[in-house]
4 protein chains.
Amino acid sequence: MEFSEKQLEILHVAENLFSKNGFDGTSVRDIAQEAQVNVAMINYYFGSKDKLLDDLFTYRVEKFKMDESILNLTSPVMEILDEMISSYIKYMNSSLAIYQIIAIEAGVKRRLMLSDSYKNLKEHNLQVISSIIHRGIETGEFLSGNDPILIHATMMGTFMNFQMNKTFLKSQLNITTDEAYSKYMESTLVIHLQRTIKALLTYAY
Amino acid sequence: MEFSEKQLEILHVAENLFSKNGFDGTSVRDIAQEAQVNVAMINYYFGSKDKLLDDLFTYRVEKFKMDESILNLTSPVMEILDEMISSYIKYMNSSLAIYQIIAIEAGVKRRLMLSDSYKNLKEHNLQVISSIIHRGIETGEFLSGNDPILIHATMMGTFMNFQMNKTFLKSQLNITTDEAYSKYMESTLVIHLQRTIKALLTYAY
Amino acid sequence: MEFSEKQLEILHVAENLFSKNGFDGTSVRDIAQEAQVNVAMINYYFGSKDKLLDDLFTYRVEKFKMDESILNLTSPVMEILDEMISSYIKYMNSSLAIYQIIAIEAGVKRRLMLSDSYKNLKEHNLQVISSIIHRGIETGEFLSGNDPILIHATMMGTFMNFQMNKTFLKSQLNITTDEAYSKYMESTLVIHLQRTIKALLTYAY
Amino acid sequence: MEFSEKQLEILHVAENLFSKNGFDGTSVRDIAQEAQVNVAMINYYFGSKDKLLDDLFTYRVEKFKMDESILNLTSPVMEILDEMISSYIKYMNSSLAIYQIIAIEAGVKRRLMLSDSYKNLKEHNLQVISSIIHRGIETGEFLSGNDPILIHATMMGTFMNFQMNKTFLKSQLNITTDEAYSKYMESTLVIHLQRTIKALLTYAY
DNA sequence: AATGAATGAGACTTCATTCAT
DNA sequence: TATGAATGAAGTCTCATTCAT
């Protein structure tokens with residue numbers, strides 16, 4: 001799907017507003033005003049508000065696919081795992097708005113979850129994780145018996161928890177700016193997840 | 001705060017609808033209809049839709065406090081940790097609706113996050129986790145250097161991730177009923193979290 | 001009609017609120033709250049909000065009758081006229097709230113104007129003025145040909161104009177307090193009206 | 001400010017209803033129905049009911065400015081005074097509806113009185129009256145010591161009194177039609193005010 | 001006699017969408 | 001292609017009143 005410049009601007013504005021106020025909490029008027037276009041244009045371009053969300057999702061979803069090229073690396077599997085976690089968290093953090101929307105609107109109601117591309121995305125990412133784990137098992141570095149689904153849920157969930165409790169956690173961590181919080185996630189949080197997942201995969205309690 | 005039977009019914013209905021459709025996606029008409037009361041009654045009882053959410057939150061929030069009496073147990077700290085994780089997940093799972101609401105509405109906009117009781121709840125739970133970790137460090141069973149904030153985020157986030165991706169994960173796990181999914185979380189997921197957190201606290205990779 | 005103490009308090013509160021916010025701008029809840037009674041009590045005591053206004057009117061209307069005993073004075077008619085104007089303005093000024101209500105609600109809609117007691121009041125006052133004028137004509141001090149209706153309208157209208165433009169006139173007259181404004185009306189305004197009406201009645205331009 | 005034809009119709013309908021039933025006594029539904037437009041259109045055009053009143057006021061207020069060109073006339077000041085009174089009353093009488101609204105809503109509550117244009121209007125009119133009086137004093141035809149504020153209040157108040165007691169006065173004056181009442185005000189009332197004010201300005205009792 | 005609980009009606013406003021151009 | 005105008009539906013909330021006790 002190709003989007004014109006105007007359409008792209010609308011998508012970006014919508015993405016921002018949806019992430020701040022939720023889908024239901026954002027009106028097409030809000031979007032039109034901030035994108036400096038006519039209200040009618042949203043429907044003209046996207047058909048409806050619902051379809052706008054679909055298009056936004058389709059537009060962004062590709063970027064949430066884990067980069068499977070890391071599977072081709074000859075690096076030690078431990079490094080590949082670290083890299084996967086690090087780059088995934090960094091990417092999610094940089095495209096936070098849409099991810100927030102997905103997390104919320106996928107939980108709520110029918111929206112998005114029905115979408116095939118959403119399912120494909122999830123399956124792809126699980127597959128990448130799964131491949132890494134299997135490789136580690138083959139090299140004898142990872143223990144078997146760990147479900148990629150649980151690993152993925154831990155990685156994703158921990159990150160999202162940091163997003164959704166931003167206000168509270170900033171005060172707990174004595175972080176004052178959004179930039180510092182973002183940096184914290186890309187360093188301390190990444191390290192925590194790397195340690196956590198590696199411990200899980202290597203340590204038989 | 002004391003609630004009459006009618007008020008409680010309204011709260012329960014609202015809780016259910018908010019968790020399914022979000023706050024903005026639920027109208028007072030919807031609530032009134034499902035609770036079989038007059039629309040005006042919602043405002044009569046709670047003042048406004050916003051205040052209804054506040055009251056619902058206040059009504060439920062107490063139950064999300066971790067039971068600190070486990071700190072008084074003389075059991076090995078490892079068992080206390082297991083028990084904490086198990087009972088917390090089980091409780092969240094049984095009071096899922098409100099938790100879903102909190103997770104979403106706390107992320108979106110100003111709502112709830114501002115609430116003192118929300119902050120108190122979070123701080124209390126962090127304190128309980130912190131106490132357990134410190135005890136483990138004292139007995140030499142846990143490594144030092146692990147931030148309770150990260151532990152808590154991992155536990156909570158993983159659980160929430162299971163909630164918010166229910167539809168997708170059910171299909172991935174070949175689970176057909178909500179009951180089976182719930183049972184999965186209270187067994188497999190709990191064990192996963194227990195293993196994960198214990199690995200983290202005991203194993204220096 | 002006899003009113004209990006509670007009823008009287010309600011009437012006084014209603015009078016005050018009606019004069020400040022108008023009849024439609026005042027809710028029975030407002031009245032109940034300020035009078036510290038149950039909402040249902042307004043209807044219980046007065047039947048309806050409309051009837052409350054009726055009762056308030058009936059309760060107060062008697063006091064707006066000009067004191068006809070001044071007609072029995074043997075003073076010069078000029079002094080009687082002065083006294084009538086002075087005491088009428090002073091009385092209206094002291095019972096301002098209800099008069100404001102009457103002025104507004106009588107102009108708006110059907111309310112009050114239909115009331116017999118309102119008509120009787122007006123006729124009574126016109127009669128008193130008329131008697132004074134006639135006496136002046138008989139003594140040769142007043143010119144004939146002046147309609148009491150116009151005299152009354154001038155007196156009443158000028159006073160009400162001062163009421164309804166209070167905010168503006170206070171600033172124009174450099175008056176800062178309500179008390180000073182009230183005093184202005186009972187002195188300067190009274191003198192103006194006395195001069196105006198006497199000029200009219202005695203001077204054929 | 002420019003208004004479309006539809007907007008003007010709404011304004012006219014609103015003006016009429018507000019004058020009959022008061023602002024609070026008129027619903028946007030009433031206005032929409034009588035103007036034969038959609039209810040939503042009132043908000044679409046004017047933003048809110050309050051802003052509609054503002055716009056109505058702005059739209060009409062200009063017309064209530066006394067024509068200051070009469071100050072340029074070389075006619076005797078007595079004629080200028082007569083002309084001022086006559087044309088002012090005639091104009092108010094022809095634009096009665098809005099004036100009724102102003103009189104009521106300016107007295108009640110905060111509305112309008114706060115408006116700058118209202119204050120400007122009042123100041124302008126006082127200025128015109130003041131100029132005429134000063135000219136009369138200069139020519140030796142008027143006595144000094146008369147406050148234009150009191151003159152204005154008398155003129156305006158007497159007229160408004162006739163408006164607000166229309167029902168009662170019609171019966172007192174044996175006038176059956178609104179047209180006849182209107183004619184009475186433009187003749188007898190005007191003459192009364194001219195005589196009154198001239199007597200006041202020329203006669204030292 | 002008095003009142004807390006409850007309610008239908010209607011208030012103003014905003015919504016996403018469509019129409020006519 | 002693009003948009004200003006318009007609208008029906010629905011939103012939340014307040015109203016005066018009544019009911020059951």
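In this predicted model, the domain assignment divides chain A into domain 1, covering residues 5-57, and domain 2, covering residues 65-202. Between the C-alpha centres of domain 1 of chain A and domain 2 of chain A the distance is 28 Å. Their contact draws ten residues from domain 1 of chain A and eleven residues from domain 2 of chain A. The size of an interface is often expressed as the accessible area lost when the parts come together. For domain 1 of chain A and domain 2 of chain A, the buried area is about 960 Å², and carbon and sulfur atoms contribute 74% of this area. On the side of domain 1 of chain A, the residues that lose the most area to domain 2 of chain A are S19(A), L53(A) and F57(A), which together account for 57% of what that side buries.

The relation between chains comes next. Two copies of a chain are related by a rotation about an axis and a shift along that axis. Chain C is superposed on chain D by a rotation of 179 degrees with a shift of 0.0 Å along the axis, and the RMSD is 0.2 Å. The two copies are therefore related as by a two-fold rotation axis. Both copies use the same surface, since 100% of the contact residues of chain C recur in chain D. Within chain C, the residue that comes closest to the rotation axis is G157(C), whose C-alpha lies at 2.0 Å. Chain B, by contrast, has no contact with chain C, and the closest C-alpha atoms of these two chains are 13 Å apart. Chain B and chain D are likewise without contact, with their closest C-alpha atoms 20 Å apart.

Attention now turns to DNA strand E. A base is approached by R29(A), which has a side-chain N or O atom 3.3 Å from a base nitrogen of DNA strand E. Phosphate oxygens of DNA strand E are approached by N43(A), with a polar side-chain atom at 3.2 Å, and by S27(D), with a polar side-chain atom at 3.3 Å. Among the elements that give two or more residues to this surface are α2 (28-35) and α3 (39-46) of chain A, as well as α2 (28-34) and α3 (39-46) of chain D. By residue class, the surface near DNA strand E comprises twelve nonpolar, ten polar and five charged residues.

In N38(A), a polar side-chain atom lies 2.4 Å from a phosphate oxygen of DNA strand F. N43(C) places a side-chain N or O atom 3.3 Å from a phosphate oxygen of DNA strand F, whereas R29(B) has a polar side-chain atom 3.4 Å from a base nitrogen of DNA strand F. The elements that each supply at least two residues of this surface include α2 (28-34) and α3 of chain B, along with α2 (28-35) and α3 of chain C.

Key. Residues numbered from 1 in each chain as written. Chains lettered and ligands numbered in written order. Predicted model: local features only at pLDDT ≥ 70, side-chain atom pairs only at ≥ 80, totals over all residues. Heavy atoms only, no water. Least-squares fit on C-alpha atoms with pLDDT ≥ 70 in both. Contact = heavy atoms within 4.5 Å. Polar contact = N/O pair within 3.5 Å; in protein donor to acceptor, adjacent residues only side chain to side chain. Helix = DSSP H or I, 4+ residues; strand = E, 2+ residues; numbered from the N terminus. Nonpolar A, V, L, I, M, F, W, Y, C, P; charged D, E, K, R; others polar. Domains from an automatic or database assignment. Buried area = accessible area lost by both parts, 1.4 Å probe.
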